[in-house]
Amino acid sequence: MKRSLSVVVIFLLTLQLYGQNFQSPSEFLGYEIGTKFSRHHQVIDYFQHVAEQNTSRVQLMEYGKTNEGRRLMLGFISSEANMNNLETIRQNNLKNTGILDGSATNNDIAIVWLSYNVHGNEASSTEASMNTIYKLLTENSSYLENTVVIIDPCVNPDGRDRYVNWYNETASVPYDIDQQASEHSEPWPGGRPNHYLFDLNRDWAWATQVETASRIKVYNKWMPHVHVDFHEQGINEPYYFAPAAEPFHEVISDWQRDFQTQIGKNHAKYFDAEGWLYFTRERFDLLYPSYGDTYPTYMGAIGMTYEQAGHGFAGLGILNDEGAVLTLVDRLTHHTTTGLSTVEISSKNAIELNTEFGKYFDNANLKYKSYILQGNRDKINSLTDLLDKHEIAYGFASDGKASGYKYSIAGQGQINTSSNDLVVSTNQPKGKMVKVLFEPNAKLSDSLTYDITAWSAPYAYGLEAIASTSLVRSSSNSTSANTAVAKSSATGYVAHWNSLNDAQFLSHLLKEQIKVRFTEKPFSAQGNSYERGTLIIVRGDNKHIANFDSKLVGIANQHKRQLDALNSGFSTTGPDFGSPDIKLVTPPKIALLSGDYTSYGSYGELWHFFEQQLHYPVTSLNTDDLSRVNISKYNVLIMPNGYYGGLLNDTVTEKIKTWVRSGGKLIAIDGALNSFAGKEGFGLKRNTSEANNSEPTEDPRLIKYADRERDYTNNLITGAIFKTKVDNTHPMAFGYDEHYFTLKRGSSSFSLLDSGYNVAFLDKNPKNVSGFAGKNAIKNLDHSLVFGEQRLGRGSLIYMSENVMFRSFWENGKLFLVNALFFVNNNSYEL
C-alpha cells in the first residue's frame with residue numbers, strides 16, 4: 001500500500017513539475033482531438049509547445065522541407081538524464097553496430113523510432129502522434145528512464161495537407177457516415193502520395209524523394225532498435241500488428257522474428273482488454289527492401305507496420321459493412337495504444353534489444369563476400385550515389401580476374417577487373433543490406449507476397465556484375481572526370497551517348513538554344529570511334545550563339561561530359577557531318593496526360609523525371625480536357641500507365657490518329673497499351689501462346705476454395721527480371737547493348753509488331769533471371785514485345801509495355817524513354 005501511494009505521489013509531483021503550462025492536444029488545439037483533422041502547421045505548433053514546456057525531456061529537430069515547403073520534424077523524447085547524455089547514447093549505439101570504432105561504454109538504452117502518416121490520407125496516425133507524445137510525458141514517463149523515443153509526426157506533410165484540406169472543405173457538419181457520401185470519395189490524385197505523387201512507403205531503399213533522402217540521413221545516424229510505420233487499411237479490417245506474414249527475407253534473425261511476436265502479444269493484451277479486434281501474420285510480409293518496415297529490419301531493427309481500419313475513405317466517421325461506426329477518435333486511440341505498447345515492451349527489454357541488435361551486424365555467414373560491378377562510369381557513379389545515401393562503404397578493384405555468379409548469364413562466370421570496377425563487400429556493418437540490394441535472386445519462402453520480388457541493383461543500373469564468395473580487395477579511386485577544352489579552330493564537337501547524364505547534357509544544350517545533331521550510324525574520326533547516338537555540335541549550326549566555344553564547354557564541364565573537338569566534318573569511316581544519317585535534334589514540345597484516367601503514380605514518376613532529373617519542360621494535360629485541347633501545339637504526347645477505356649471513344653481516338661499521321665509521336669506506357677491493342681490502325685495485339693492453351697494438368701474447376709489463392713500465383717508475375725533482346729540499331733535503343741534486363745510486373749503481354757520495329761523483346765521460352773513468375777504466366781511470354789515503334793503517316797506510335805519509370809529506381813531503363821523523345825522518327829518533329 002505504501003509503495004502504491006509513493007508511486008501516486010511521484011506521478012503527481014511529476015505532473016506538477018512538468019505540466020504547469022503543458023497542455024494536452026485537445027487543450028492546445030481548441031477542439032477534442034479526433035473531432036477534426038489537424039493541419040500540418042497545427043501539429044508542428046503542438047510539438048513545439050511540448051518541447052518548450054519540457055525542455056529537459058524533449059528536443060525537436062527539423063530534418064528537411066518538402067517540395068511544397070512544409071517542415072519535416074523529429075521529436076526526441078526521453079528522461080532528463082538520457083537527454084543530457086543523448087549524443088553519447090547515439091554514439092554507443094553506432095559502436096555496438098561497428099559503424100563507429102571503439103567500445104560502447106553503455107548499451108542499456110532502447111531506441112524506438114515511431115513514423116506516422118507516410119501515406120497522407122491515412123491521417124489518423126498524425127493525430128495519434130500528438131496523443132502519444134503527451135501520454136509518454138505524463139502517464140507513461142517511466143518508459144523513458146531507459147528508452148529514447150524518436151517521433152516523426154508526419155512523414156508526408158504535402159499529401160496529408162492535400163487530404164485534410166480537401167476533407168475539411170468537403171465534409172458535412174455533422175459528418176456523414178453513409179459510405180456513398182462525397183466526403184468518403186477523394187478526387188484524383190488523393191492524399192496518399194507526396195507532392196510528386198510518389199508512394200513514400202516504397203521509397204526507403206531508393207530515396208528518390210526529398211522526404212526520404214532527408215529522413216535516412218538522420219535514420220542512419222541513429223540506427224534505432226525498433227521502428228514502427230503507422231498506416232491505415234480498409235474500413236472493414238480492424239487492426240493489424242506484428243508479427244508479420246511470410247515471406248521473411250533470409251537475413252532476418254530469429255530474434256527479430258521472436259521479438260515481433262512479443263510485441264504483438266503485448267498489443268493483444270491491451271486490445272483484448274478493450275474488446276478491440278485485430279489480426280496478425282497476414283498480408284504484410286518482410287521481403288521488398290523499400291518499405292518502412294523492411295528497410296529498418298535490414299538495418300538490424302525490429303521493423304513493423306501497424307494498420308488501422310479507416311484510410312482516406314473513413315473521414316471523421318463511417319458506417320462499415322458490419323454496421324459499426326468507425327470514428328477518427330477510435331482510430332487515433334488504437335494507434336496511440338500500439339505506440340505506447342511498443343515503447344513499453346522495448347523499455348522492458350532494453351538490454352536484450354541492444355545485445356541482439358549488436359549480434360545482427362555479424363556478417364560472417366553470408367555466402368557472397370563481394371559484389372564486383374563494371375560498366376559505364378556514369379552508371380557506376382549513379383549507384384555509388386545511392387550507396388552514399390545509405391552510408392554503405394565501397395571501393396574499386398585492381399587489375400585481375402573475378403569469378404562467381406555472373407549476372408549477365410545468370411550462372412557461373414568470370415570477368416577481367418580494373419580500377420574502374422566497383423567493389424561492394426558484405427564485410428562491413430551494413431553487409432546484410434548489401435546482400436539484400438545486390439543479391440542475384442532473393443530467396444522466397446512463400447510466393448504470395450505483397451510487392452515485387454526482384455530489384456537487384458546490377459540489373460537495375462545496367463551493370464555487369466560478379467557475386468563472389470571470396471572477399472575481393474579494393475581501394476579508393478580518385479579518378480577525376482575529363483575536362484572539356486575549347487578549341488576555336490574546331491569544326492565541331494562530339495560527345496558520347498550512353499547514360500542519363502548524357503541526356504541531361506543534351507537537355508541543357510537545347511534549353512540554351514544550342515543546335516545539336518546525332519548520328520544514326522557509327523563513324524570514326526581523328527583516331528576515335530563513335531557509336532550510334534553520339535551527339536555532334538557543329539559550329540556552323542550555332543553562329544547565333546555568342547561565345548559558342550566557351551558556352552558549350554562550360555555546359556559540358558557542368559555536366560562532367562567529355563567533348564572531342566574535331567577539325568573537320570569529313571569522317572575517316574561512316575557518315576560525314578552533312579550526311580542524312582546525322583540528324584538535327586529539334587527540341588520536342590511534350591504533353592503529358594494527367595487526371596482521372598491515369599495512374600497517379602505513373603504520372604507522378606514522369607512529372608518528377610522531367611522536373612528533377614531530365615530538367616526538360618513538359619505540359620500536363622488533364623484527361624478530362626483531351627477532347628477539346630489543341631494537341632497540335634505539341635509533337636509528343638505521353639500516356640502514362642492508366643485506364644483509358646472511358647476516355648478513348650471513337651472521336652478522341654480518331655483525333656489522336658490524325659495528329660500522329662500529321663507528325664505527332666504518341667508514347668503509351670504500361671497499361672495505356674491496352675487501349676490500343678486490337679484496334680483499327682494500331683499494330684498492337686495481345687500476345688497468345690499455343691503453350692498457354694494446352695490442356696491444364698488439373699481441372700481448375702475442381703481446385704479447393706482454400707487453395708484457389710495459392711493456385712492463382714501460377715498465373716502471376718510479381719515483379720520479376722527477364723533478359724530481353726535489343727535491336728540497338730534502332731534510335732530508341734541508342735546507348736544500349738544487344739541485351740537489356742527488364743523488370744516485368746504483370747503477366748499481360750503483347751505480340752511482336754508485324755509492321756513496325758521490335759526494339760526490345762522476349763524471345764522464345766524466356767526465363768526470369770530473378771524474382772517470381774508463375775509457370776502459366778511464363779508460357780504467355782513467348783515472342784512478346786517490350787518496346788516497339790509503329791509508323792503511322794508521318795508520325796509514330798511508341799509502345800512501352802514495361803514502365804521504365806516505376807518508382808524511379810530502374811535507372812537503366814530511363815534512356816529508352818529519352819531516346820523516344822529526342823531520336824525516334826526525328827523527321828516528325830517539325831510542327
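Analyst: The largest cavity has a volume of about 40 Å³. Keep in mind that this is a predicted model.

User: How many cavities of 30 Å³ or more are there?

Analyst: The count is two. The second largest cavity also has a volume of about 40 Å³.

User: What lines the largest cavity?

Analyst: Its lining is made of Tyr740, Thr742, Leu743, Glu802, Asn803, Val804, Phe806 and Trp810. By class, that lining has five nonpolar, two polar and one charged residues.

User: Switching to rings. How many aromatic pairs does a search of the whole structure find?

Analyst: The search finds 53 aromatic pairs. One of them joins Trp166 and Tyr167, 6.1 Å centre to centre with 65° between the planes. That pair is edge-to-face.

User: Are Trp166 and Tyr167 buried or exposed?

Analyst: Both Trp166 and Tyr167 are buried.

User: What about Phe357 and Phe361, how are those rings set?

Analyst: Their centres are 5.0 Å apart and their planes meet at 80°. The cut-off for edge-to-face is over 60 degrees, so Phe357 and Phe361 form an edge-to-face pair. Phe357 is buried, and Phe361 is too.

User: Which residues do ring pairs link into a cluster?

Analyst: Tyr239, Phe241, Phe271, Trp276 and Tyr278 are linked that way.

User: Now charges over rings. What lies over the face of Phe248?

Analyst: Arg257 does, at 4.2 Å from the ring centre.

User: And over the face of Tyr360?

Analyst: That one is Lys432, at 4.7 Å from the ring centre of Tyr360.

User: On to the backbone. Which residue does a cis peptide bond join to Pro189?

Analyst: Trp188, with omega about 0°. Pro189 sits in the loop between helix H7 (157-170) and helix H8 (210-222).

User: Where is Pro247, and what about the bond from Glu246 to it?

Analyst: Pro247 is in strand E7, residues 245-248. The peptide bond from Glu246 to Pro247 is cis, with omega near 5°.

User: What is phi of Gln513?

Analyst: Near 60°, a positive value in a residue other than glycine. Gln513 lies in the loop between helix H17 (500-511) and strand E19 (516-519).

User: Is Gln513 buried or exposed?

Analyst: Exposed, because its relative accessibility is 58% and the cut-off is over 50%.

User: What about Arg807, what phi does it take?

Analyst: A positive phi of about 55°, although Arg807 is not a glycine. Its place is the loop between strand E34 (795-800) and helix H23 (814-822).

User: Buried or exposed, Arg807?

Analyst: Buried, because its relative accessible area is 15% and buried means under 20%.

User: Let's turn to H5. What span should its 12 residues have?

Analyst: At 1.5 Å a residue, H5 should span 16 Å. Its end C-alpha atoms are 17 Å apart, which agrees.

User: Which residues of H5 are buried?

Analyst: Leu86, Ile89, Arg90, Asn92, Asn93, Leu94 and Thr97 are buried in H5.

User: What comes just after H5?

Analyst: Gly98, which takes a positive phi of about 95°. Gly98 is found in the loop between helix H5 (86-97) and strand E3 (110-116).

User: How accessible is Gly98?

Analyst: Gly98 has a relative accessible area of 36%, so it counts as partly exposed.

User: Last one. What separates the C-alpha atoms of Gly98 and Ala556?

Analyst: They are separated by 41 Å. Along the chain, Gly98 and Ala556 are 458 residues apart.

Notes
Residues numbered from 1 in each chain as written. Predicted model: local features only at pLDDT ≥ 70, side-chain atom pairs only at ≥ 80, totals over all residues. Heavy atoms only, no water. Helix = DSSP H or I, 4+ residues; strand = E, 2+ residues; numbered from the N terminus. Buried < 20%, exposed > 50% of the residue type's maximum accessible area, 1.4 Å probe, protein only. Phe/Tyr/Trp six-rings, centres within 6.5 Å; stacked < 30°, edge-to-face > 60°. Lys NZ or Arg CZ within 6 Å of the ring centre and 35° of its normal. Expected span 1.5 Å × (residues − 1). 1 Å grid on protein atoms, 1.4 Å probe; cavity = no way out; pocket = protein on both sides within 12 Å on 5 of 7 lines; lining within 4 Å. Points joined across faces, edges and corners; volume = space filled by probe spheres on them. Nonpolar A, V, L, I, M, F, W, Y, C, P; charged D, E, K, R; others polar.
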